[in-house]
Amino acid sequence: MLKQHTEISQLEPQCIWKFFDHICSIPHPSKHEEALATFIVSWAESKGLEVKRDQVGNVFIKKPAAPGMENKKPVVLQAHIDMVPQKNNDTDHNFVTDPIRPYVDDGWVTATGTTLGADNGIGMASCLAVLDSDDIQHGPLEVLLTIDEEAGMTGAFGLQPGWLEGEILLNTDSEQEGEIYMGCAGGVDASITVNIERQSAQHDGDYHTITIKGLRGGHSGVDIHTGRANANKLLTRFLKNHAGDLGLQLVDFKGGSLRNAIPREATATVVVPKDKLVALQTALQRFESTLKQELQAIETTLCVELNAAIDQLEPMTSQSQHLVLSVMNACPNGVVRMSDDIPGVVETSLNMGVVTSTQDKVEVLCLIRSLMDSGRIDVEGTLRSLAELAGAQIEFSGAYPGWKPEPESDILVIFRQMYERTYGKKPDIMVIHAGLECGLFKEPYPNMDMISFGPTIKFPHSPDEKVEIASVGLYWQQMKGILENIPNKD
């Protein structure tokens with residue numbers, strides 16, 4: 001019996017929400033999923049289900065077919081265990097030790113000051129709900145729960161041939177009810193490192209921090225085309241345009257926290273000449289006003305702050321400062337190209353996600369996404385050229401393939417027909433500009449027939465994340481409907 005933690009456990013369908021409520025109670029950010037994985041294994045074993053784990057930590061659970069359904073094609077239900085840890089600046093929350101605090105808000109479930117983890121916690125909860133059920137008609141069933149999807153797809157990369165027996169895979173990591181996904185973008189991480197030198201302050205000045213915050217942020221794939229501002233780019237813009245006139249000496253720059261989340265906040269520590277402080281305050285006020293005019297339809301809570309700071313490292317030399325700001329200012333960001341084949345879908349994009357500084361270097365971490373390998377390679381070339389011009393180092397890592405669309409896949413046709421019978425309308429067949437694990441699953445299981453679907457989740461990868469309660473009910477109807485309509489084995 002699952003313990004009730006919050007009010008969401010009483011929502012309908014309760015079979016899903018009770019599991020999601022429990023999932024929220026166990027911390028599970030990327031790289032720290034073991035406590036939740038251990039709970040799931042123990043729970044499945046208590047149900048008498050067959051459970052195993054592979055060498056990277058993925059969880060596999062097997063359930064026999066319902067009576068009379070033994071001849072159906074075996075199905076794999078799939079979700080990832082981890083969640084993106086993002087919080088508001090004024091929220092006191094440790095994702096490794098503290099539970100998520102969900103609550104109901106006008107037809108949606110959201111969290112108090114943090115990401116909710118509906119991505120992919122609702123999908124995971126639905127998989128457990130199917131395992132827990134005794135009234136759903138389904139054939140031979142497996143559940144695959146992968147680790148570390150959000151921070152590197154470690155679980156999907158580590159999936160080996162022979163662990164799965166299913167012929168059909170239902171990925172539950174999509175975020176719009178009424179849309180079925182048949183393909184997704186691939187991607188690669190790019191890390192640009194600028195070596196820097198430091199020197200004593202060149203004038204009589206004080207340390208201050210300049211912070212841009214209050215941006216909406218969001219998913220660097222799903223939301224990249226929405227015009228949401230990147231805090232790293234905005235702060236770089238100000239420094240590049242005003243550091244010279246104001247005599248600012250850059251000490252430190254840090255912005256963003258995940259390469260797959262649009263940065264919501266960025267902070268630079270600078271040494272400000274005493275006689276330029278008022279001019280800096282005036283310039284920042286003008287900059288904030290300009291940004292609010294430019295972004296008034298999107299970034300309604302944007303804020304620029306100047307605060308006194310304690311002396312830290314020595315500032316960068318003028319040459320190092322020039323290189324750092326030039327690299328960040330010239331780094332592409334946002335949509336690179338829209339797809340010619342799929343209207344309204346981004347083909348290639350880049351997110352300048354995380355900037356960090358140390359004593360002797362500044363690192364800029366970007367995530368390139370593309371539906372086409374050639375598009376990804378083209379952007380890699382652009383960044384490589386930028387690094388070469390600046391005398392910086394660049395490394396590419398964690399490349400993962402896209403999921404090539406198969407418009408006539410058997411399971412896609414079956415889902416579409418089931419949806420039309422149930423709702424009297426056609427679902428939208430989509431390709432998503434985000435990294436689903438399906439592309440990686442195709443490596444060890446090339447003949448696996450796959451689709452992805454899910455409830456409506458807004459603003460994933462940001463503290464504004466929320467899931468629509470009504471859509472979870474529709475999603476559950478679809479899950480049961482597709483399982484009941486799986487064809488017989490050949």
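A charge sits over a ring if NZ of Lys or CZ of Arg is within 6 Å of the ring centre and within 35 degrees of the ring normal. Keep that rule in mind for the first stop. The model on screen is predicted.

**Stop 1: charges over rings**

Select K52 and F60. K52 lies over the face of F60, 5.8 Å from the ring centre. Now go to W108 and K466. Here the charged end of K466 sits over the ring of W108, at 4.6 Å from its centre.

**Stop 2: the largest nonpolar core**

Select W17, L77, L170, I482 and L483. These residues have the most contacts inside the largest nonpolar core, which has 68 residues. Next, colour helix α3, residues 118–132. This helix gives the core its largest share, nine residues.

Centre the view on L483. What is L483 in contact with, leaving aside its neighbours within four places in sequence? Its partners are M69, V75, L77, V130, I136, Q137, H138, L141 and L170.

There is a second core to pick out. It is separate and has 50 residues, including I196, L234, L302 and A390.

**Stop 3**

Show strand β7, residues 168–171. Is each face of β7 buried or exposed? Both faces are covered. I168 and L170 are buried on one side, and L169 and N171 are buried on the other.

β3 and β7 run parallel and are joined by four bridges. Select Q78: its bridge partner in β7 is N171.

**Stop 3: the aromatic cluster**

The structure holds eight aromatic pairs. Start with Y419 and Y423. Their ring centres are 4.6 Å apart and their planes meet at 55°, so the pair is tilted. Both residues belong to helix α9, residues 410–423, where they are four residues apart, about one turn of the helix. Y419 is buried, at 2% relative accessibility, whereas Y423 is partly exposed, with a relative accessible area of 23%.

Move on to F453 and Y475. This aromatic pair is tilted too, with 5.3 Å from centre to centre and 55° between the planes. The pair links distant parts of the chain, 22 residues apart. F453 is in the loop between β19 and β20, while Y475 is in helix α11, residues 469–484. Both F453 and Y475 are buried.

F415, Y419, Y423, F453 and Y475 form one aromatic cluster.

**Stop 4: a glutamine on helix α6**

Find Q285 in helix α6, residues 277–294. Q285 is exposed, with a relative accessible area of 54%.

**Stop 5: the cysteines**

C15 is partly exposed, with a relative accessible area of 26%.

Finish on C127. C127 is in no disulfide either, and its nearest cysteine sulfur, that of C438, is 12 Å away. C127 is buried, with a relative accessible area of 0%.

Terms used. Residues numbered from 1 in each chain as written. Predicted model: local features only at pLDDT ≥ 70, side-chain atom pairs only at ≥ 80, totals over all residues. Heavy atoms only, no water. Core = buried A, V, L, I, M, F, W, Y, C linked by side-chain atoms within 4.5 Å. Buried < 20%, exposed > 50% of the residue type's maximum accessible area, 1.4 Å probe, protein only. Helix = DSSP H or I, 4+ residues; strand = E, 2+ residues; numbered from the N terminus. Contact = heavy atoms within 4.5 Å. Pairing = 2+ DSSP bridges. Phe/Tyr/Trp six-rings, centres within 6.5 Å; stacked < 30°, edge-to-face > 60°. Disulfide = S-S within 2.5 Å.
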